[in-house]
Amino acid sequence: MRVALDTKDGEQTIFDGLIAARDKFGDKEILEDLDRKPLTYTGLIRAAFVLGRKIAAMTEPAERVGILLPSSAGVVVTYYGLHAHGRVPVMLNFTSGQNNIKAAIKAAGVKKVLCAKRFVNQAKLEDLLEDLAKVAEIVWLDDVRKTIGLPDKLYGLMAGMMPKQFRVKTDPASPGVVLFTSGSFGAPKGVVLSQWNLVANCRQVAQHIDLKPEWVMFNPLPTFHCFGLTGGVLLPILHGMKAFQYPSPLHAKQIVELLPDVKASILFATDTFLNQYARVAAPDDFATLQFVVAGAERVRPETHHLFNTRFHGLKLLEGYGATEAAPVVAVNHPDHNRPGTVGQMMPGMEWRIDPVDGIPDGGRLFLRGPNVMRGYLSADDPESVDPLPGGWHDTGDIVDIDKDGYVSILGRIKRFAKIGGEMVSLSAVEALASEIWPAAPLVVVSVPDARKGERLVLMTSDSKIARDAFIRHVRDKGVSELNIPADIMLVDKIPLLGSGKSDFVTATKLAKERIAAKTAA
């Protein structure tokens, strides 16, 4: 059953959504980070106007401006500051490597990149910024802030009182952000999401789950990923919740100790990070949480087991999203949680499932809705966007939807191998391996095979994983032996992206190189 999105408030821009939230929820504290200097709605609006005007003086209307910053109050102020003055934020992934970042800068037509010296020094990114300075002007926000004087503060004071008179009027259909896909399967692609795409996705989630304005959203995810931007920043701020920004998801011990201190109600993260947090947390560390939301990758049974056994009553809700859908497509509900699925579709979503040869259950998922992107940046022209045919986005995911509307992700179309004419899900093989070795880091890739077309390689950093044990497990379960990897490959560590997701491109390349070297020997 499809649920319509409530649009009684009409389509909104990013900044007008912020103003409307202050009107609705009052001038409460809404933003905080490790500096522990919280901002109210008015404080955020004033700061955005003041910083935004400084950036506007060095840019053109509607110019795409790069942001290279960690999750912090600063990145939120910068993002809203660009919108206050009619500029378009381009979120740059500082973990993706200099070649990918330079490609993103070129693809989006970015001339200036906003950054902070404090962040660069702490993250040891000096060489990266020196390289990026060859293709774009680096604007140091530390230096910009030093130029803020009394006239700027007076301007901010007035703008905070009458924001609609001071903000540059834009259209909800105009760009709200340019993001880049994770690059799990190849070169990242530029995604142009409209302002309404982002605001609509926040409304979809809020209509699906009753969010309380007294709650605190804890966001350790980077804002260069849509999960961190929409879920960790826009959703809480537009719906009255404080958004606490933490600069890195990697600091498991620090994060779990901070959660009760800031009275966190909701934690967003990926399975990789949640598994780490659950392992180092004491039961009281999660005491203030209402629920935890996992996205961006499949939640392993081991992670569900950790939460069920160590944190009784705390719901781990698995969801599913795509950068191209701003990103939330489906998510479980605290009162209707079905582990093993990613929940039900968001209100206002349209979907269709096209059959795929060789895959008997489910099919290829296509999406259309108010949260689905305008299109990808054209490879030939930064100013052009390649529109979606009929407005439909091809997710490339193979899914099944049951009679109650719960979505199960069977795998990526690119994560199926054709072995002896049969389609085999690499994700399913990983799941089988995790049943035997739940804590083991692993990834399954496929490589060419002269006899069967393709063969499976299970790559792991755990020396205990053995092929004979895998064979016994598959036979005990009565699963097709096509799911048995031809090779177990031991590596120092599994290639990962900055998000914590497996880097399938690097893993596949490594597997091919190892096999070629072994064959040559």
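This is a predicted model: local features need pLDDT of at least 70, side-chain atom pairs count only at pLDDT 80 or more; totals for chains, interfaces and linings use all residues.
Most residues other than glycine have a negative phi, and most peptide bonds are trans. The loop between strand S13 (315–321) and strand S14 (328–331) holds Pro327, and the peptide bond leading from Ala326 into Pro327 is cis, with omega near -5 degrees. Ala326 is itself found in the loop between S13 and S14. This alanine has a positive phi of about 75 degrees although it is not a glycine. Its relative accessibility is 0%, so Ala326 counts as buried. A cis bond and a positive phi therefore both involve Ala326, a residue with 0% relative accessibility.

Arg36 also has a positive phi, about 55 degrees, without being a glycine. Its place is the loop between strand S1 (29–32) and strand S2 (39–40).

Ser248 sits in another loop, the one between strand S10 (242–245) and helix H12 (252–261). At 13% relative accessibility, Ser248 falls under the 20% limit and so counts as buried. A polar atom of the Ser248 side chain is 3.1 Å from the backbone nitrogen of Leu250. When residues up to four places away in sequence are left out, Ser248 touches Pro220 and Ile255.

Met158 has 38% relative accessibility and counts as partly exposed. The patch takes in residues with over 30% relative accessible area, which is why a partly exposed residue such as Met158 can be part of it.

Cys202 is in no disulfide, and the nearest cysteine sulfur, that of Cys226, is 9.2 Å away. Cys226 is likewise in no disulfide, with the sulfur of Cys202 as its nearest cysteine sulfur at 9.2 Å. A disulfide requires sulfur atoms within 2.5 Å, so the separation of 9.2 Å rules this pair out. Cys202 counts as buried at 1% relative accessibility, and Cys226 counts as buried at 3%.

Phe180 gives a sense of distance across the model. Phe180 lies in strand S7 (residues 175–180) and counts as buried at 11% relative accessibility. Its C-alpha atom is separated by 37 Å from that of Asp284, a residue 104 places apart from Phe180 along the chain.

Charged pairs come last. Side chains of opposite charge can pair when their charged atoms come close. Taking a nitrogen of Lys or Arg within 4 Å of a carboxyl oxygen of Asp or Glu as the criterion, the count comes to 28 salt bridges. One of them joins the side chains of Lys54 and Asp152 at 3.2 Å, N to O. Lys54 lies in helix H2 (residues 41–56) and Asp152 in helix H8, so this pair ties together parts that are 98 residues apart in sequence. Asp152, at 10% relative accessibility, counts as buried.

Arg352 counts as partly exposed at 31% relative accessibility, and Asp354 counts as partly exposed at 25%. Glu481 and Arg475 also meet through their side chains in a salt bridge, with an N to O distance of 2.7 Å. Glu481 is partly exposed at 42% relative accessibility, whereas Arg475 is exposed, with a relative accessible area of 53%.

Definitions and conventions
Residues are numbered from 1 along each chain as its sequence is written. Side-chain values use heavy atoms; hydrogens and water are left out. Helices (H or I, at least four residues) and strands (E, at least two) are DSSP runs, numbered from the N terminus. Buried means under 20% relative accessible area, exposed over 50%, partly exposed in between (1.4 Å probe, protein chains only). A polar contact is a pair of N or O atoms within 3.5 Å; within protein, one must be able to donate a hydrogen and the other to accept it, and residues adjacent in sequence count only if both atoms are side-chain atoms. Contact means heavy atoms within 4.5 Å.
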